[in-house]
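Here's a quick briefing to read alongside the viewer. Have the sequence open too, and let's walk through the model topic by topic.

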Amino acid sequence: MDTDSIHSGYSHHSNRSRGSNKQSERSSRDRHKSHSRDSSSRSDKNVTINASSAQPQQPDQSSAPTDAQDDNWGETTTAVTGTSDHSLSQEDLAGFGKETEGPVEKLNCVRFLPLALILLLGLLVLITPLFFLVLPQLMWPERLQACGTACEGLFLSLAFKLLILLLAGWALFVRPARASLSRIAVFRALLGLLTLLLLLSYWLFFGVRILDTQDENYQGIVQFAVSLVDALLFIHYLAVVLLEIRHLQPCFSLCVVRSTDGETHHYNLGQLSIQQAALVILEHYYKDFSVHNPALLTAAKSRAAKHLAGLKVYNVDGAGSDTATSQSRAKIAAAARQRDTSHNELYYEEAEHDRRVRKRRARLVVAVEEAFTHVRRLQEEEKKKLPGDEMDPREAAQAIFPSMAQALQKYLRTTRQQHCHSMDSIQAHLAFCITNNMTPKAFLESYLMAGPTLQYMRECWRTGQWMLVSEASVTSPLRHGSEFQLKSSDFSLVVTSKAIPHLKLSEEYVHPKSHKFVLQLQSETSV
């Protein structure tokens, strides 16, 4: 280390960044004033809204270099009553965010293929017993023996059994597809194959023993059709046991960890295959896990990049063959020495961020309470007007939204939630709260606390495809120690399975008189 010297330029870099931030703030204020003088007049009631807050941002746009601009946004931009190039009127504000709606997802014909096969098999099941009864009447009606009341009773029993089979099959199999699986469901395929084998066996028996010989005993033919319906009902009972009852008893405890932020949840599942367990986990994910916010994960990366950018290495002896290697070693050594003081910087950064969040939250709460107070005042005035002059909840939301929009946008930008809420969704939620006479606290709960994934816009949670990664076959059942992953474009869910231990309960009999005791008093006591 005699020829190379290490210089830490973090303090110089931070002073220079603060000076550049101040210059950018002055220039933005000057540009704002100049544009506000030159722009044409639009409306008397305008509020300054940043259009980027209504659009979902990419994860790399919320990194640390934009923190200074986000934090100082409230000081450099204010609500105005005149005109501005960034101002939006109430008419523009009502339609704000509509252009961010994604394209309508095209229908995928493959997802309807299992339903089509189920309907085709169900139609074959229903018409087969009817063909058994009609074909003899059409081919040799003069040779059939009359069966009278016995056949009429069998007809009635057959009709009700077919009706029950139709309703039961509709309730169990005719359902919208929850997901498109990579492999077929083993039990569903087994039940379909069993049904086809049963129908094929009955058709073969009907062709050989009845059609070829032209059997004259019509009562036996009717009983043959009734036996087919009975067998189909037993297959449906087997389907209920395999598809609906078998997995109800919990056998495994699955630990689900999100790879980015480490959020963890546990679920108890029964006897399922790996792909069926993955489908159940995804259904629970959208209602149990908080929305994935990539903007909150960039703080550590930006802090590490800032440390490396603050290090400067000077080569005194000139370029050498091992210049790059010596510089990398010097940076590693300097970073190791700065590691002892990095926790202080992290502590003060988090304290400053918490202070800004509390400040923005207090301003937002006050702004929303004032807006709802104005709504109550308007509702009292509307009661005195004619029925035709009453204001719609949507119009009331658009009228009071500009008074809270600035405080709400500052809070969302400080907490890095601006990509999760569009202006249209905020106004719709505000109109919903006004319609149902909710309090300001009920309105703010969606923005102050991170909720489940499904409560946000589709752009925040909708994933085109999940990829199931497993060493074992996805159709194999869950076992103790099974591990698999569910990967999306931004993160993955790591799942670990553990068998629920066998519990053994023992009984200990307690005699009723064992709790009784006798108090013996001596003669010299005061009692």
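Predicted model: local features only at pLDDT ≥ 70, side-chain atom pairs only at ≥ 80, totals over all residues.

Helices here are DSSP runs of H or I with at least four residues, numbered from the N terminus. The chain has 527 residues, 33% of them counted as buried, and it holds 15 helices and 9 strands. Among contacts with a separation of 6 or more, 79% are between residues 24 or more positions apart.

**Helix H5 and its partners**

- Two packed helices are described by the angle between their axes and the distance between the axes.
- For helix H5 (residues 113-139) and helix H7 (residues 186-211), the axes come within 11 Å and cross at roughly 10°. Angles under 35 degrees count as roughly parallel, so H5 is roughly parallel to H7.
- On the H5 side of that pairing you'll find, among others, Ile-118, Leu-121, Thr-128, Phe-131, Phe-132 and Met-139, and the H7 residues they meet include Arg-188, Gly-192, Leu-199, Trp-203 and Phe-206.
- Sorted by type, the residues of the H5 contact with H7 come out as 15 nonpolar, 3 polar and 1 charged.
- H5 also packs with helix H6 (residues 149-173): their axes come within 11 Å and cross at roughly 175°. Over 145 degrees counts as roughly antiparallel, so that's the label for H5 and H6.
- Here Ile-118, Val-125, Leu-126, Pro-129, Leu-130 and Leu-133 of H5 meet Phe-155, Leu-158, Leu-162, Leu-165, Leu-166 and Phe-173 of H6.
- The contact of H5 with H6 has 12 nonpolar residues, no polar and no charged.
- Ile-118 turns up in both lists, in the contact with H7 and in the contact with H6; Val-125 is also in the H7 list and the H6 list.

**Nonpolar cores**

- In soluble globular proteins, nonpolar side chains tend to be buried together.
- The largest nonpolar core takes in 27 residues, and Leu-364, Met-404, Leu-430 and Phe-443 have the most contacts inside it.
- Helix H11 (323-383), helix H12 (393-414), helix H13 (423-435) and helix H14 (440-448) each put at least two residues into this core. Which helix gives the most to this core? That's H12, with 10 residues.
- Leaving out residues up to four places away in sequence, Phe-443 touches Val-368, Phe-372, Met-404, Ile-426, His-429, Leu-430 and Cys-433. Of these, Cys-433 is buried, with a relative accessible area of 0%.
- A second, separate core has 26 residues, including Phe-132, Phe-206, Tyr-218 and Leu-232. Phe-132 and Phe-206 also belong to the H5 contact with H7.

**Cysteines and the disulfide**

- A disulfide is a covalent bond between the sulfur atoms of two cysteines.
- How many disulfides does a search of the whole structure find? The search turns up 1, and it joins Cys-147 to Cys-151 with S to S at 1.4 Å.
- The torsion about the S-S bond of Cys-147 and Cys-151 is about -130°, so this disulfide is left-handed.
- Cys-147 counts as partly exposed at 21% relative accessibility, whereas Cys-151 is buried at 2%.
- Elsewhere, Cys-251 is partly exposed, with 21% relative accessibility.

**Residues with positive phi**

- Most residues other than glycine have a negative phi.
- Gln-214 isn't a glycine, yet its phi is positive, near 50°. At 28% relative accessibility, Gln-214 is partly exposed.
- Arg-416 is another non-glycine with a positive phi, about 60°, and it sits in the loop between H12 and H13. Is Arg-416 buried or exposed? At 15% relative accessibility, Arg-416 counts as buried.

- Thr-414 is in helix H12 and is buried, with a relative accessible area of 3%. Beyond its neighbours within four places in sequence, Thr-414 contacts His-353, Arg-356, Val-357 and Arg-360.
- Glu-369 lies in helix H11 and is partly exposed at 42% relative accessibility.
- Glu-369 and Leu-444 are 75 residues apart along the chain, with their C-alpha atoms separated by 10.0 Å.

Terms used: Residues numbered from 1 in each chain as written. Heavy atoms only, no water. Axes fitted to C-alpha atoms, helices over the stretch in contact; angles between N-to-C directions. Parallel < 35°, antiparallel > 145°, perpendicular 65-115°, else oblique. Contact = heavy atoms within 4.5 Å. Nonpolar A, V, L, I, M, F, W, Y, C, P; charged D, E, K, R; others polar. Core = buried A, V, L, I, M, F, W, Y, C linked by side-chain atoms within 4.5 Å. Buried < 20%, exposed > 50% of the residue type's maximum accessible area, 1.4 Å probe, protein only. Disulfide = S-S within 2.5 Å.
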